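Let's take a walk through this structure together, one piece at a time. Have the sequence and the 3D view open as you read.

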Amino acid sequence: MRPVHRALSALLLLAVSVVAHASGPDRRIAITIDDLPWQRMDRTPPAELASRHAQLMAQLKQAGVPVVGFVNEGKLEVDGQVQAPRVAMLRDWLDAGHELGNHTHGHLDVHAVGLPAFQQDILDGERVLRPLLAERGQVPRWFRHPYLRAGRTPEDRATLSAFLGGHGYRIAPVTVDNGEWVWAFAYANVLDGQPDTPERDATLERLRRGYIPYMLNKVDYYEAQSQTLLGYALPQVWLLHANELNAVAYAALVAGVQRRGYRVVTLDEALRDPAYARGEDGYNGRYGPSWLHRWAMAEKQPKDFYAGEPVVPGWVLALAGVESE
């Protein structure tokens, strides 16, 4: 090879290396929002529900990214009767172009009630959802486990997965697990439980300002977990809820993750990654950890693999009235 050709080849390789380094990992994330139509339905002042829902829908529109929302049909009811205004809240999600999935009727814990009762709660969770989607030529196809609990034995998980598959559902995993619900409970407790004073406003602002860095630090943590476990940045699945905090902070949260170089993608796209073929096996305990941690447990990763996960500060736990995430 002539010297000039060798020089050109070297420059080309250097340019390719620089571009690859500059582009960094292929960061993608799918956003899922649980507990529709509203997380703490029974504790939200009825007169405030419509305006808070409208705030959340405005935040979703501002963010302009795809979302799958997961419905608890029990939240549509008062004394066992489905309420048309609450169904209309779900129509707003569909009108905005978002997809809806099944999160069971009563948000039951499969580990507490057992498979037969849980399977019935799944079916009860589509009595409104299935005909609602049929109006638009759609069917429910995503299922999210309440508390991310999927069964305490491989046999139970396999039975539940087969049941879901037989009814046309695919399990929606979560890789970026977090204590978002704790921040949201704290925010709602202050918003509805304290007098409207400058001190209350300052606490609400402190919660909003602390929430977004906490959530983005969780994304960073699970990206590092995927790099260590899988050798690359897994397309993540993020768990959020329909609540007062996201009704004022969701768009900023999405903007924050985008500034970190993430593209918000559909759940379909994220789950095309072959890692998700591992399913939810690997964990037989009573909690509901991230799918990344389930896979790590299946590989018998050492305890220090899980170190360094961001935690909810004590002052937020106290305002939420809970002891831990």
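What follows goes from strands to helices and then to charged side chains. Keep in mind that this is a predicted model.

Let's start with a pair of strands. Strand 2, residues 67-71, runs parallel to strand 5, and four bridges link the two. If you want a landmark in that pairing, look for Gly69, which sits opposite Leu100 of strand 5. Now, which way do the residues of strand 5 point? Glu99 and Gly101 go one way, while Leu100 and Asn102 go the other.

Next, helix 3, which covers residues 84-95. Its 12 residues reach 16 Å from the first C-alpha to the last, close to the 16 Å expected at 1.5 Å a residue. Which of its residues are buried? They are Arg86, Val87, Met89, Leu90, Trp93 and Leu94. Just past the end of helix 3 comes Gly97, with a positive phi of about 90°.

Helix 10 can be read in a similar way. Its 14 residues, 246-259, should span 20 Å at 1.5 Å a residue, and the end C-alpha atoms are 18 Å apart, which agrees. The buried residues of helix 10 include Tyr250, Leu253, Val254 and Val257. After helix 10 comes Gly261, where phi is again positive, near 95°.

Now for the charged residues. Asp124 belongs to helix 5, residues 115-124. Asp124 is buried yet has no salt bridge, and the nearest side chain of opposite charge, that of Arg127, is 4.0 Å away. Setting aside residues up to four places away in sequence, Asp124 touches Glu73 and His105.

Arg152 sits in the loop between strand 6 and helix 7. Is Arg152 buried or partly exposed? With a relative accessible area of 40%, Arg152 counts as partly exposed. Leaving out neighbours within four places in sequence, Arg152 has contacts that include His111, Asn284 and Arg286. Tyr283 is 131 residues away from Arg152 along the chain, but their C-alpha atoms are separated by 7.4 Å.

How many salt bridges does the structure hold? There are 24. One of them links Arg130 to Glu126, with the closest N and O atoms 2.8 Å apart. Arg130 is partly exposed at 28% relative accessibility, whereas Glu126 is buried at 11%. Another joins Arg208 and Glu205, whose closest N and O atoms are 2.6 Å apart. Both of these lie in helix 9, three residues apart, or about one turn of the helix. Arg208 is partly exposed at 25%, and Glu205 is partly exposed at 27%.

Finish with Glu269 and Arg263, whose side chains meet in a salt bridge at 3.9 Å, N to O. Salt bridges with shared partners tie Asp26, Arg28, Arg263 and Glu269 into one network.

Methods:
Residues are numbered from 1 along each chain as its sequence is written. This is a predicted model: local features need pLDDT of at least 70, side-chain atom pairs count only at pLDDT 80 or more; totals for chains, interfaces and linings use all residues. Side-chain values use heavy atoms; hydrogens and water are left out. Buried means under 20% relative accessible area, exposed over 50%, partly exposed in between (1.4 Å probe, protein chains only). Two strands pair if DSSP finds at least two bridges between them. The expected span of a helix is 1.5 Å times one less than its number of residues. Lys and Arg count as positive and Asp and Glu as negative; His and the chain ends are not counted. Contact means heavy atoms within 4.5 Å.
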